[in-house]
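Colleague: I would like to learn how to read a model like this one. Could we go through it feature by feature?

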Amino acid sequence: INLGIVIDHSGSMMEDIYQLFDEDGNPLFSFDENYDLVLPEGYTSPIDNAKKAVKTFVTSFDSTKDFISVIGFSATVDRKLPLSQNIGEINAIVDSMQADFSTALYDAMNTGIDEIKHSDGVKVLVVLTDGQDNSSISKWNDVVDKAIVEDIPIYIIGLGNVNKDTLNLIAESTKGQFYFTRSSSSLDTVY
């Protein structure tokens, strides 16, 4: 298996509104005497939940025969690990991601396809995003066209405020699947 993992680490990956507000919209956070935000007990940012989920997911593969590539993005693709069997390298690049800037989702997906397309065996792209693309040069249909040509299904995990219709269209068009979750605390289960 040649797995491309694409991870959104845009600025919105710091805030999980489903951990910050209850079902009735009441805030679960407060402010201290210096007006600094006090997060609810047990709050974990989406980027931290994503890192944990991806690292757990990676351990389910056979590192003696499977290969994993990691692409990290915010405003641009700024993290890229070519196909590797080194779990330490994979975990290090995942751990290096910090939430910042905007979202270049389609460019990151194209980069992910490029990283795995020349490998032998099964090729799959797994993408996590929590926002709408607002920085890519590529369009969603460019991603679909490239994935179809390379015969790479795209599995997309949409978190929170995503365009479900477009993400589902990309996944279905490439013979992948789209998964949606409201809160990053369920990413372990989704992966």
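Modeller: We start with the overall fold and then turn to salt bridges and the surface.

Modeller: Bear in mind that this is a predicted model.

Colleague: How many helices and strands does the protein have?

Modeller: There are seven helices and eight strands. The radius of gyration is 17 Å, close to the 16 Å that the globule rule gives for 191 residues, so the protein is as compact as a globular protein of that length. Along its principal axes the C-alpha trace spans about 60 × 35 × 25 Å. Buried residues account for 46% of the 191.

Colleague: How many salt bridges does a search of the whole structure find?

Modeller: A salt bridge requires a side-chain nitrogen of Lys or Arg within 4 Å of a carboxyl oxygen of Asp or Glu. The search finds five. One of them pairs Arg79 with Asp78, with the closest N and O atoms 3.5 Å apart. Arg79 is partly exposed, at 22% relative accessible area, and Asp78 is partly exposed at 33%.

Colleague: Which residues make the nonpolar surface patch?

Modeller: Phe31, Tyr35, Leu37 and Leu39 make a patch of about 480 Å². Phe31 lies in strand E2, residues 30–31.

Notes: Residues numbered from 1 in each chain as written. Predicted model: local features only at pLDDT ≥ 70, side-chain atom pairs only at ≥ 80, totals over all residues. Heavy atoms only, no water. Patch = residues over 30% accessible without salt bridge, like charges linked within 9 Å, V, L, I, M, F, W, Y side chains within 5 Å. Areas by Shrake-Rupley, 256 points an atom, 1.4 Å probe, with all protein chains shown as cover. Helix = DSSP H or I, 4+ residues; strand = E, 2+ residues; numbered from the N terminus. Rg over C-alpha atoms; globule rule 2.2 N^0.38 Å. Buried < 20%, exposed > 50% of the residue type's maximum accessible area, 1.4 Å probe, protein only.
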